[in-house]
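Please look through the structure shown below. The briefing that follows takes a cavity, a strand and a sheet in turn.

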Amino acid sequence: MPDAPHNLRFHSISKSFPGVRALADVSFDVAGGSVHALMGENGAGKSTLLKVLSGVYRPDTGELLIDGQPAAFGSTSAALAAGVSVIYQELHLVPELSVAENLFLGHMHAAGGVVRFPAMRAAARALLSSLGESISPRAKISSLPIAQRQMVEIAKALTRNARVIAFDEPTSSLSDREVDRLFAVINRLRHEGRVILYVTHRMDEVYRLCDAATVLRDGRHVQTFPSLKGVPPGDLVARMVGRSIADVFRYTPRPHASNPNAIDVKDISGKGVHTPASFSVARGEILGIFGLVGAGRSELLKILFGATPARSGQIFIHGKPVHITSPRSAIRNGLVLCPEDRKKEGIIPIRSVMENLNISGRRHFSPLGFLINPARERQNADTFVKKLAVKTPSLKQLISNLSGGNQQKVILARWLSENIRVILLDEPTRGIDIGAKSEIYSIIYNLASQGIGVVAVSSELPEVMGISDRVLVMRQGALVADIPRNSPDFTPQNLLQHALPVAIHAIQGAA
C-alpha cells in the first residue's frame, strides 16, 4: 500500500476538432483512495477527456498533474510509463495471444533477448490469483468470456503499477454476479490509495460504488460533488442534461389491442433458442423481451432477422408467410434489426454519417438499381438527420466520431428510409446517457404510433417495463412468460422470478 493516496488534477483542459469544441477549460481534482464518477450525456466530453488522460490526444491548452507534478503525455506508452491506465469499454487486448503475453506485452520477462515464459506465466498466475481469478496464463484471450477479459485488462494495469486507473462503462456487458466481482476489485484498488475514475450512465452504480462525482455538459465542467451523501439522483440528472427529467420513459398508452398483427412467429428455434418460440406483435404494439445474460434474447432476434439460420418455424408479416433466409430478405419483407453491438454490427465506423444512413436504402434512389445517386442520398440523409435531431457537424463526418446515442439515431434513420413493418431493437439504449435515452424512447413511440410492430430487448428491467405494452420473459433459450402491462403480474419481482434459472427456482421452492 502506498505511503499516501495519489491524486490527479485536470487544469483548464481544452480540446477541439474540426467543427467540434470537445472540451472547454475543464478543471477538477480526483482524490486517491476514492472512486470518482465522471458523468454526462453522450457528447459531453467524457471520452475525449479519457483520451487526453491516456495520451491518445494532446490537449490544445491546459495540463494534467499527478501527485502535484505536471504530466504531459505525447503517446499512450508515455501515459502507461507514468502509471496511467484507461480500461475502455472495447478492451485493448490481442485476441490471439495468451493471457500472460497480453499482461506483459511491451515489458516481457526476458534475459539475453529471450522471453522467459515460465517466469512470465508464474507472475501472471500470481497476479490473477490476487484478483480472485483462476484464469490459465496459457489461455488465448479469444477463448475468454468478456468478464474474464476485463479482469485481464485490470491485471495488465497492475503489472505497470498504475497510480491512476480509469474505467469506461465497464459493466455494460456483465451479469450482476460479474459486476459484484468487478466492484470488489475496484474497492480493493481504492483501499490501496489509487486514483479511480469511473465513467457510467447507470445511476445505481454511481451511488453503490462512487464517493464523488464530476458532471460534464457540452464539453464544459458543470459541477463536482466531493461527496454524494445527501445528493439526490435528480440533482445529478439535472446537471447532466440541463433540465429535470421526472419520467424518462414518458410512456403513453396507444390503442393497438384490436389491430391486426404486424408479425406472427410460430415455433421458431435455432442457435440459442432451444425450445420453439411462438408469439405475435400487433401493429402499433411495443413488445418487450426480458431475460438474464445468456437467456437467448439476442439470439432470437438474429434468427428472426435471418442473421442466424432457423432450425424450425414460420414467420408471418401482415398475415402473409415470409421465407427469411438472410438479413437482405428480412429487409425486403419490412423486418429490420438494430443490433446489440452498435459498433461491431450496426455501423461502418470508417464511413460517413450519410453513407451509414443510406447503406440499406440506396437502391431506392437509383433509377437503374445499381448506380449511386449522391444528390438523392444527401437529401435523404439531411431529411432524417434533421428529423431525428442527430448531432453531427456535417453529413460527411465519420460516424465513429459521433456519440453512442447519435450513432443509434443514424441506425434508426437508416430503417426509416425503408418501408418497415416490424423493427427489432436489441438493447436500444445501451451505453447511452439519460437525455439521449429519452429521445430514443420518443422515436420508438413514434414508430409504434405509425402502426409499426416494435420488439425491444433490454437487460435493464426498469427500461423494458417502462416502454413496453407487453413483456415476454426468456430463460435458458425458451419463452417462459407473456405478461401484459395491465396485468397484476406486471411487477419487477414477478418478471425477475420468471427470468431466474430453474435451479434457483428449485432452491427457493425447497426453502
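**Briefing**

The largest cavity is lined by 14 residues, and Arg202, Thr429, Arg430, Gly431 and Glu460 are the ones nearest its centre. This is a predicted model, in which local features need pLDDT of at least 70 and side-chain atom pairs count only at pLDDT 80 or more, while totals for chains, interfaces and linings use all residues. Residues are numbered from 1 along each chain as its sequence is written, and side-chain values use heavy atoms, with hydrogens and water left out.

**Cavity**

- The structure holds 1 cavity of 30 Å³ or more.
- About 110 Å³ of space lies in the largest cavity.
- A cavity is a set of points on a 1 Å grid over the protein atoms alone where a 1.4 Å probe fits but cannot get out, and lining residues have an atom within 4 Å of a point.
- Grid points are joined across faces, edges and corners, and a volume is the space filled by probe spheres set on the points.

- Strands (E, at least two residues) and helices (H or I, at least four) are DSSP runs numbered from the N terminus.
- Strand E20 (residues 453–457) is largely enclosed by the rest of the structure, because 5 of its 5 residues are buried; buried means under 20% relative accessible area with a 1.4 Å probe, protein chains only.
- Gly453, Val455 and Val457 point one way from E20, Val454 and Ala456 point the other way, and all are buried.
- Strand E15 (residues 286–290) runs parallel to E20 and is joined to it by 4 bridges; two strands pair if DSSP finds at least two bridges between them.
- Glycine 288 has alanine 456 in E20 as its bridge partner.
- Strand E19 (residues 422–426) also pairs with E20 in the parallel sense, over 5 bridges, and leucine 424 stands opposite valine 455 in E20.
- A right-handed β-α-β unit is made by E19, helix H15 (residues 434–449) and E20; right-handed means that, with the strands pointing away from the viewer, the path from the first strand over the helix to the second runs clockwise.

**Antiparallel sheet**

- An open sheet has 4 strands in the order E2-E1-E4-E5, with antiparallel pairing.
- Strand E2 (20–31) and strand E5 (69–71) stand at the edges with a single partner strand each, so one side of each is left without a neighbour in the sheet.
- Strand E4 (residues 61–66) and E5 run antiparallel and are joined by 3 bridges, with isoleucine 66 opposite glutamine 69 in E5.

Terms used
Buried < 20%, exposed > 50% of the residue type's maximum accessible area, 1.4 Å probe, protein only. 1 Å grid on protein atoms, 1.4 Å probe; cavity = no way out; pocket = protein on both sides within 12 Å on 5 of 7 lines; lining within 4 Å.
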